[in-house]
Amino acid sequence: MCTPTAMITSGMQIGAGYAQGEANYRMTGLRNQAATASAKSALAIDQAILLRQTREQADRFSQRSVDRSRAAMEMASTAQTMAGEGNVGGNSVKAQQRAIAFKEGEMKVRDDKSYDSIMESIRDQNTKAVNTMVARMTSLPTPQAPSFLATALNVGASNMTGSAAEAFDSWFNDTFDIT
């Protein structure tokens, strides 16, 4: 059915094809490992940056709170001093102190809202960084394990001539008694 040279050549083709499939399988696995490590590293860097930004914002917020309280106390003491020097008392002084407390409350609410908004933005950036990493990892190609049978069939099909196919059909029919 086949000459010895064709058989040797076919065997070599099968071996070379399988070796190439094995090499492709290993290389795809290595590329996927490198891409996964890169995605995880990028996420770690992004999260470190976001953590630093979170700390900076918390420090700013704390400082603004202290500054706001200090300014309110200064305004209240200035108003109290001025009222005392002007011999003013009673409801007008209390009204002025309430106005100062109200203004401090307004500023606190604005600062709180601003801080919450900034923190929400940082959390959104973290979610985006995680989603980017997951997308990078899920888009990696699945390594295809080499198949000895598929390689052999591809090599055998390329060597199958018309007369060889007829001889194989005849042998198959005789061997398995198909009529």
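User: Leaving aside neighbours within four places in sequence, which residues is Arg 68 in contact with?
Analyst: This is a predicted model: local features need pLDDT of at least 70, side-chain atom pairs count only at pLDDT 80 or more, and totals for chains, interfaces and linings use all residues. Residues are numbered from 1 along each chain as its sequence is written, and side-chain values use heavy atoms, with hydrogens and water left out. Contact means heavy atoms within 4.5 Å. With neighbours within four places set aside, the partners of Arg 68 are Glu 104, Met 107, Lys 108 and Asp 111.

User: Is Arg 68 buried or exposed?
Analyst: Arg 68 sits in helix H1, residues 4-85. Buried means under 20% relative accessible area, exposed over 50%, and partly exposed in between (1.4 Å probe, protein chains only). Arg 68 has a relative accessibility of 7%, so Arg 68 counts as buried.

User: In what order do the elements of the chain run from the N terminus?
Analyst: Helices (H or I, at least four residues) and strands (E, at least two) are DSSP runs, numbered from the N terminus. The chain has four helices and zero strands. From the N terminus, the order is α-α-α-α.

User: What is the radius of gyration of the chain?
Analyst: This radius is taken over C-alpha atoms, and the globule rule is 2.2 Å times the number of residues to the power 0.38. For 179 residues the rule gives 16 Å, and the chain is well over that, so it is more spread out than a compact globule. The C-alpha trace spans about 125 × 30 × 20 Å along its principal axes. The radius of gyration of the chain is 40 Å.

User: What share of the residues of the chain count as buried?
Analyst: The chain exposes about 12800 Å², and carbon and sulfur atoms supply 60% of that area. Such areas come from the Shrake-Rupley method with a 1.4 Å probe; for residues, only the protein chains shown count as cover. Of the 179 residues, the buried share is 16%.

User: Which element of the chain has the highest mean pLDDT?
Analyst: pLDDT is the predictor's confidence in each residue, from 0 to 100. The chain averages 84, and 92% of the residues score at least 70. Helix H3 (residues 148-159) has the lowest mean, 71. The highest mean, 89, belongs to helix H2 (residues 91-138).

User: How many Å apart in space are Ala 101 and Met 73, C-alpha to C-alpha?
Analyst: Ala 101 lies in helix H2. Ala 101 is partly exposed, at 46% relative accessible area. In sequence, Ala 101 and Met 73 are 28 residues apart. In space, C-alpha to C-alpha, the two are apart by 9.2 Å.

User: Leaving aside neighbours within four places in sequence, which residues does Thr 151 contact?
Analyst: Thr 151 belongs to helix H3 and is buried, with a relative accessible area of 13%. Thr 151 and Ile 14 are 137 residues apart in sequence, and 5.9 Å apart in space, C-alpha to C-alpha. Leaving aside those neighbours, Thr 151 is in contact with Gln 13, Ile 14, Gly 17 and Tyr 18.

User: How many Å apart in space are Leu 153 and Gln 97, C-alpha to C-alpha?
Analyst: Leu 153 is also in helix H3. Leu 153 is exposed, at 53%. Leu 153 and Gln 97 are 56 residues apart in sequence. Their C-alpha to C-alpha distance in space is 93 Å.
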